[in-house]
Amino acid sequence: MRTTVGIIGGGPAGLLLARLLHRADIDCVVLEARAREYVEQRQRAGMLEQGTVDALREAGAADRLTAEGLVHQGIELRFARERHHIDFPALTGGRTVTIYAQTEIVKDLVALQLDGGPPLLFEAEALAVEKAESEAPVVRYLHEGREQTLTCDWVAGCDGFHGISRGVFPEGSARAYAREYPYSWLGIMAEVAPSCDELIYARGERGFALHSMRSPTVSRLYLQVPNGTDAGDWPDDRVWDELAARFAIDADWTLARGPVTAKSVTAMRSYVHEPMRHGRLLLAGDAAHIVPPTGAKGLNLAVADVRVLARALIAAQRTGDTQLLDRYSELCLQRVWQVTRFSDDMTKMLHAQPDGDAFDHRMQLARLRRITASRHAAAELAVNYSGLPLSL
Ligand code: RFL
Ligand code: PHB
């Protein structure tokens, strides 16, 4: 097979890139290792920046998002048994965020792609990228029981953190910057109406808790737990009791409980791979970087990469001008590091440090108080959370 852009990975990054290229009449093929059902059910992100919503609109993939997405005007911070609303539109000149599950974005993009879009092969696992430094890189992949090749002008490595694309960079040509955090998140999905209108980020002496949602009838909640925690040690009642304790405030408020339909533990890490391009292979999304989920940024960052990459590939194909492609890594990494900093700040401010002492605790409270007491500090959070402008 031959194509202009070979895309490895059918997650949000790969699917959105395919959609944007298709709309610009550029050939591409998406290779996705997993089955369609698996990709469409994988529970992950839920909070979309304004820029992510705009990008999905531009891609003509936002009909259901517009109808069903929940627009939020801010978030709530809880600490010291108090609640504080951070008003995004007032602090950012009108920006909002939207709750719409990653699973639904993937379903919408897959449906568009299968309905006359470019080829999308499920259960097609990329094994290697060869000749990345040449003008015709080749992806070797396994599909329907046999090894096949896809020859491309460009290869987009959108295969997530556990993909093969990063491994294509020769020894010494790239550097990884990484941080593991000393805690994980236990996440649950529950069939119960959310007990809030906006997301609650709670910092308590017992640790962090987050109340998010997927729809008016489905809640998504997270608890800070020690690394190595087994979800099996957390029966539903224990999860609800701990959540209720961490969200407790002096005002009248109760956490509604309901049937738990999913429960899992996720480790927290930051990871940045520099540069994001080697020859004609370009990385986008989790293939190049991971942030801890406290800032709700992973999916948004993947979409930001893809917006830059689509524009760069379209410019190169239409006019032969590779200036944007040549600056791809540099342009993306500016944002990546800002988002990594924001996610790291949010994480450290809100989680109980396992070996922290009373001083650390006071510092965290002082940071939170600064945000609720100063319009400048609150605006800094609101601007970063609702999404920095795309630097192009
Ligand atoms: P994905 O989604 O991992 O997709 C990569 C795809 O590549 C496939 N693949 C291969 N295909 C072919 N050949 C190979 N050799 C392959 N190897 C892998 C995989 O099967 C997969 O389909 O990466 P992508 O597209 O870069 O998207 C990134 C996002 O998924 C991720 O950043 C977010 O989910 C992170 N995240 C959140 N981001 C937000 O913006 N807002 C949030 O609220 C948010 N919450 C979260 C999150 C991630 C979480 N977890 C589980 C890590 C909450 C959690 C709990
Ligand atoms: C989610 O809804 O899954 C979610 C929301 C905000 C975060 C992380 C996860 O910071």
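Contact is taken here to mean heavy atoms within 4.5 Å. The model is predicted, with local features needing pLDDT of at least 70 and side-chain atom pairs counting only at pLDDT 80 or more, while totals for chains, interfaces and linings use all residues. Residues are numbered from 1 along each chain as its sequence is written, chains are lettered from A and ligands numbered from 1 in the order in which they are written, and side-chain values use heavy atoms, with hydrogens and water left out.

Leaving aside residues up to four places away in sequence, T52 touches N300 and V303. T52 belongs to helix α3 (residues 50–58); helices (H or I, at least four residues) and strands (E, at least two) are DSSP runs, numbered from the N terminus. With a relative accessible area of 1%, T52 is buried, a term that means under 20% relative accessible area, against over 50% for exposed and in between for partly exposed (1.4 Å probe, protein chains only). Also buried in α3 are G51, V53, A55 and L56. The packing partners of the buried α3 residues are α1 (12–23), β3, α4 (63–68), β7, α6 (102–114) and α8. Just after α3, G60 adopts a positive phi of about 65 degrees.

Strands β3 and β7 also take part in an open sheet of three strands, ordered β3-β7-β4 and paired antiparallel. Two strands pair if DSSP finds at least two bridges between them. The edges are formed by β3 (47–48) and β4 (70–72), each of which pairs on one side only. Two bridges link β3 to strand β7 (residues 97–99) in the antiparallel sense, and L48 stands opposite T98 in β7.

A second open sheet has eight strands in the order β6-β5-β14-β15-β16-β13-β17-β20, with mixed pairing. Its edge strands, β6 (82–87) and β20 (289–290), have a single partner strand each, so one side of each is left without a neighbour in the sheet. Strand β17 (residues 260–274) runs antiparallel to β20, joined to it by two bridges; Y271 has I290 in β20 as its bridge partner. Helix α10 (residues 328–350) lies across β13 (175–190), β14 (200–204), β15 (207–215), β17 and β20, at about 130 degrees to β17. Helix α12 packs on the sheet as well, touching β5 (74–79), β6 and β14, and its direction makes about 130 degrees with that of β5.

Helix α12 (residues 375–386) also meets helix α11 (residues 358–373): their axes come within 5 Å and cross at roughly 100 degrees. Axes are lines fitted to C-alpha atoms, for helices over the stretch in contact, and angles run from 0 to 180 degrees between N-to-C directions. The two helices α11 and α12 are therefore roughly perpendicular to each other, the class for 65 to 115 degrees. In this contact, R370, I371 and A373 of α11 meet R375, A377, A378 and L381 of α12.

Finally, the interior. A nonpolar core is a set of buried Ala, Val, Leu, Ile, Met, Phe, Trp, Tyr and Cys residues joined through side-chain atoms within 4.5 Å. The largest such core has 74 residues, of which V5, I7, L17, L21 and L309 touch the most other members. Helix α8 (residues 298–319) supplies the largest share of this core, 12 residues. Apart from this core lies another, of 53 residues, including Y222, L223, M349 and L365. Not counting residues up to four places away in sequence, L309 touches L17, A156, L282, A284, L325 and Y328.

Note on methods:
Angles under 35 degrees count as roughly parallel, over 145 as roughly antiparallel, 65 to 115 as roughly perpendicular and the rest as oblique.
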